Amino acid sequence: MNAIYLDKEIQKSFSQIIHEACKNLPPGLVSPIDAEISLLLKLGILKYSVLSNGSTFGQQLLNIKYENISTFKQILYMVFSCMDYVKIRCELWNPSHDVNQRIFTFYIIFKILDFINTSIFLRNGVKPLLIERILDLNQVYASEKLPRTFESKYLARELLWNGFIEILVYTLPLINYYKIKRLFKQYNPFYTKSMYSSIISTRVITTQSKCAHCGQNPILPHHMGCNHVFCYACLKGNQTADSRYECPACGHKNPNIMCERVSA
Ligand SMILES: [Zn+2]
Ligand SMILES: [Zn+2]
């Protein structure tokens, strides 16, 4: 079952690459032959997996293969894989045609058999695919001696990375970069304080005024003593997070946590 899932994933990733490559072509060019592309892709993957090694790529990853698969069975396996394509094409071509009707009937029988096969598989756990039951293909371990350690190794690494990314996603927004920057400045002996600290009593707000924190037009303009303007949310939020918040533009210190509305 895992092998089937892996096979599907491999095919999906290949078709994603093809779609990426065809993205910039004119839209009407690729979509009519979409079914052909996916069929070619499927056959190509099968040629290099089942025809040359007697197992699909997913099975190779899990160290299993088909027992006693002959060339005839391999070719039947390939033909079977084209079923979906034939059905899609017939639908587009001429649904009321006599041959098509027969193909549809065959397809429906095939699907019913597939359903029955899946039910049997769920009971006894062998041959998940209908084609495997028809051709009497058994899955065996490719090499008995090789311990299946690699699987758990990859799994552990995957879990570790997922956990790490989750931690990053949750903690990154919690870090107050302005506070860290301020602390760095404070303990950096080479940092020269800006001489510019003329405090003016009137701050003119024009359409060009930008918030010193977020760089957008200030919403509910407030100030902290210097002549820079902040959004109320930007200033108040930073002051709540860091009581010694300095103006990011001029480095103005504000010991009494000033947050006043700018008079228009
Ligand atoms: Zn702002
Ligand atoms: Zn300032």
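Analyst: Happy to. Leu-220 sits in the loop that runs between α10 (177–187) and β3 (222–223). Please keep in mind that this is a predicted model.

User: Why is Leu-220 called partly exposed?

Analyst: Leu-220 has 13 other C-beta atoms within 10 Å. A residue with 12 or fewer would be exposed and one with 20 or more would be buried, so with 13 Leu-220 is partly exposed.

User: Which phi does Ile-257 have, and where does Ile-257 lie?

Analyst: Ile-257 has a positive phi of about 40 degrees, although it is not a glycine. Ile-257 is found in the loop between α11 (232–241) and β4 (260–261). With 13 other C-beta atoms within 10 Å, Ile-257 is partly exposed.

User: How do you know that Asp-242 is partly exposed?

Analyst: The count for Asp-242 is 15 other C-beta atoms within 10 Å. Buried takes 20 or more and exposed takes 12 or fewer, so Asp-242 with its 15 is partly exposed. Asp-242 is in the loop between α11 and β4. Asp-242 touches Asn-176, Tyr-178 and Lys-179, leaving aside residues up to four places away in sequence. Asp-242 and Arg-182 are 60 residues apart in sequence, and their C-alpha atoms are 9.9 Å apart in space.

User: What makes Val-50 buried?

Analyst: Val-50 has 22 other C-beta atoms within 10 Å. The label needs 20 or more, so Val-50 is buried. Val-50 belongs to helix α3 (residues 34–53). Val-50 touches Ser-55, Thr-56, Gln-74 and Tyr-77, again not counting residues up to four places away in sequence. Val-50 and Tyr-77 are 27 residues apart in sequence and 8.4 Å apart in space, C-alpha to C-alpha.

User: Why is helix α7 said to lie largely in the open?

Analyst: Of the 27 residues of α7, the number buried is 0, so α7 lies largely in the open. Helix α7 (residues 98–124) reaches 39 Å from its first C-alpha to its last, close to the 39 Å expected at 1.5 Å a residue. Just after α7, Gly-125 takes a positive phi of about 75 degrees.

User: How many residues of α1 are buried?

Analyst: The number buried is 1 of the 20 residues of α1, so α1 lies largely in the open. Helix α1 (residues 2–21) reaches 29 Å from its first C-alpha to its last, close to the 28 Å expected at 1.5 Å a residue.

User: Which residues make up the largest nonpolar core?

Analyst: The largest nonpolar core has 10 residues, namely Cys-211, Ala-212, Met-224, Cys-226, Val-229, Phe-230, Cys-231, Cys-234, Leu-235 and Cys-247. Cys-247 touches Ala-212, Met-224, Cys-226, His-228 and His-252, with residues up to four places away in sequence not counted. In the whole chain, 13% of the 264 residues count as buried.

User: What is the mean pLDDT of the chain, and where is confidence lowest and highest?

Analyst: The mean pLDDT of the chain is 77, and 86% of its residues reach 70 or more. Confidence is lowest in helix α2 (residues 27–30), at a mean of 70, and highest in β3, at 90. Where pLDDT is low, the predicted coordinates should not be read in detail.

Conventions. Residues are numbered from 1 along each chain as its sequence is written. Chains are lettered from A and ligands numbered from 1 in the order in which they are written. This is a predicted model: local features need pLDDT of at least 70, side-chain atom pairs count only at pLDDT 80 or more; totals for chains, interfaces and linings use all residues. A nonpolar core is a set of buried Ala, Val, Leu, Ile, Met, Phe, Trp, Tyr and Cys residues joined through C-beta atoms within 7 Å. Two residues are in contact if their C-beta atoms, placed from the backbone, lie within 7 Å. Helices (H or I, at least four residues) and strands (E, at least two) are DSSP runs, numbered from the N terminus. The expected span of a helix is 1.5 Å times one less than its number of residues. pLDDT is the predictor's confidence in each residue, from 0 to 100.
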